[in-house]
Amino acid sequence: MLALFLSSSSYPTLSFLSRSVTLDPARRTTLSALTMSMNLRTHAYAGNPLRSRTPKSTDPFSPSSAFESLKTLVPEIPNHPKPSPDFKVLPFSKGRPLVFSSGGDANTTPLWHLSWISLADCKGMLASSGVDLSEDSLVYLGPKVEEDLVYWAVDLPEEDGVVVSEFAGRKLCFVDLRTLMVAADWADQRAMDELAIAGHARALLEWHNVSRFCGSCGGKTVPKEAGRRKQCSNETCKKRVYPRVDPVVIMLVIDRENDRALLSRQSRYVPRMWSCLAGFIEPGESLEEAVRRETWEETGIEVGQVVYHSSQPWPVGPSSMPCQLMLGFFAFAKTLDITVDKDELEDAQWHSREGVKKALAFAEYRKAQRTAASKIEQICKGVERSQSLSTDFNVESGELAPLFIPGPFAIAHHLISTWVDQGPGDIHSKQQPGVSLSSL
Ligand SMILES: [Zn+2]
């Protein structure tokens, strides 16, 4: 990751990859290792194992084939024989997936798991509160061919106390995705896979909730392709609507000497948390322009070179934005004087590499993870009701640390830790304008 940081110049990762084929085998191996370190699985919510590729429409696991099978099956449940592929459903309530907790004792941290239910169970649950299961209420998440399964998500009716208490009787509970994120062990691939699946499902369901009507004619929209898109039901309009993604640039601004990084605080942050600058991309703007504009607007600092790092889906923003895509950059400052835009930020300051290094207190993130995991266990047992996120973050802030940065589940953490690990030195002497991989 370090070499990529130093040498990729303005080339994004994709051209970085495509150029590697011209290199000699030894160099290619090195670059391959570097790109592996940039693998999407390094970020929470990326690397969803149900989404690696969508099966072709003729495949029984494809969205259209699975939906046709679902349509036949739903009215006949529970008398229909087990289909192939079979279906599993992940219920959500108010944006929270259904989970259970296992394995916690005096010496081990409990683990949370997504709680998949059968189609028959899903239909029975809804019927108990007077709701008919419709195939149109299920959204396709993807298949696991080796398990002969297709996975779906469903949003339960608002405030469905009957269903919630039915699940509670089985020690199953609906937990906020941010709490699940803090509670996930980021070194555990199984946990990160489940977090990515839950994130994708939440983004899709939220999008269905906020796209009920056509933006063109006001007609009702109906799900198509097993919930992967929608279409206006007005015959004279028929506008197609696709799931919304909101791109956001997030950047670590670095001084010319490569000794200090600019960190900022927003008023909504918990005390002592500092992070990277970030902002939405505007229409008609390149990524580099968005990085420079946002940095200047929020801090008055002018940015020169902009270097791409990686990206992260972020489905835990406000429900009006079902999924943000965080695009991470390093941005090299041309000026140092800070003028904070108080409407946007509480504060922004240059921080030394040593100071930032101290803030990367991994032990504290572990503590926060264990605390959040135990809290989920308590919620599932019906002991704890609160799902307050700030409590989790207060733990990770530690008792004495003057500042801390977001945990490993956030791209900001990886931008900052990459810079800290890179060490001191004049980055500009190593970074020639226009350098390409073929010249490395
Ligand atoms: Zn319309």
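Modeller: Let's begin with helix 13, whose buried residues are Ile-411, Ala-412, His-413, His-414, Leu-415, Ile-416, Thr-418 and Trp-419. A residue is called buried if 20 or more other C-beta atoms lie within 10 Å of its own, exposed if 12 or fewer, and partly exposed in between, with C-beta atoms placed from the backbone. Helices (H or I, at least four residues) and strands (E, at least two) are DSSP runs, numbered from the N terminus. Please keep in mind that this is a predicted model: local features need pLDDT of at least 70, side-chain atom pairs count only at pLDDT 80 or more, and totals for chains, interfaces and linings use all residues. Residues are numbered from 1 along each chain as its sequence is written.

Helix 13 covers residues 411-422, which makes twelve residues. From its first C-alpha to its last it reaches 17 Å, close to the 16 Å expected at 1.5 Å a residue (the expected span is 1.5 Å times one less than the number of residues). Just after the helix comes Gly-423, with a positive phi of about 80°.

Now let's move to strand 11, residues 246-254, where seven of the nine residues are buried. Strands count as paired if DSSP finds at least two bridges between them. Strand 11 runs parallel to strand 15 (residues 324-333), and nine bridges join them. Within this pairing, Val-249 has Leu-327 as its bridge partner, and Ile-250 has Gly-328. Strand 11 also pairs with strand 13 (residues 277-280), this time in the antiparallel sense and over four bridges; there, Ile-250 stands opposite Ala-278. You can follow Ile-250 to a partner in strand 15 and to another in strand 13.

Strand 12 (residues 260-265) is joined to strand 11 by two bridges and runs antiparallel to it, with Val-253 opposite Leu-262. Five residues lie between the strands of this hairpin, and Asn-258 takes a positive phi near 60° there.

Strand 15 is mostly covered too, with eight of its ten residues buried. Strand 14 (residues 303-314) pairs with strand 15 in the antiparallel sense over nine bridges, and Pro-313 stands opposite Leu-325.

Val-253 turns up again in the largest nonpolar core, which has 100 residues: along with Trp-152, Ala-153, Met-251 and Leu-252, it touches the most other members. Such a core is a set of buried Ala, Val, Leu, Ile, Met, Phe, Trp, Tyr and Cys residues joined through C-beta atoms within 7 Å. Helix 8 (residues 189-210) gives the most to this core, with eleven residues. At least three core residues come from each of domain 1 (2-38 + 246-361 + 401-430) and domain 2 (63-241), with bounds from an automatic or database domain assignment. Setting aside neighbours within four places in sequence, Ala-153 has contacts that include Val-89, Phe-92, Ala-201 and Leu-204, where a contact means C-beta atoms, placed from the backbone, within 7 Å.

Helix 8 is also the place of Arg-190. Arg-190 counts as exposed because 12 other C-beta atoms lie within 10 Å. Though Arg-190 and His-113 are 77 residues apart in sequence, they are 9.0 Å apart in space, C-alpha to C-alpha.

Key:
Two residues are in contact if their C-beta atoms, placed from the backbone, lie within 7 Å.
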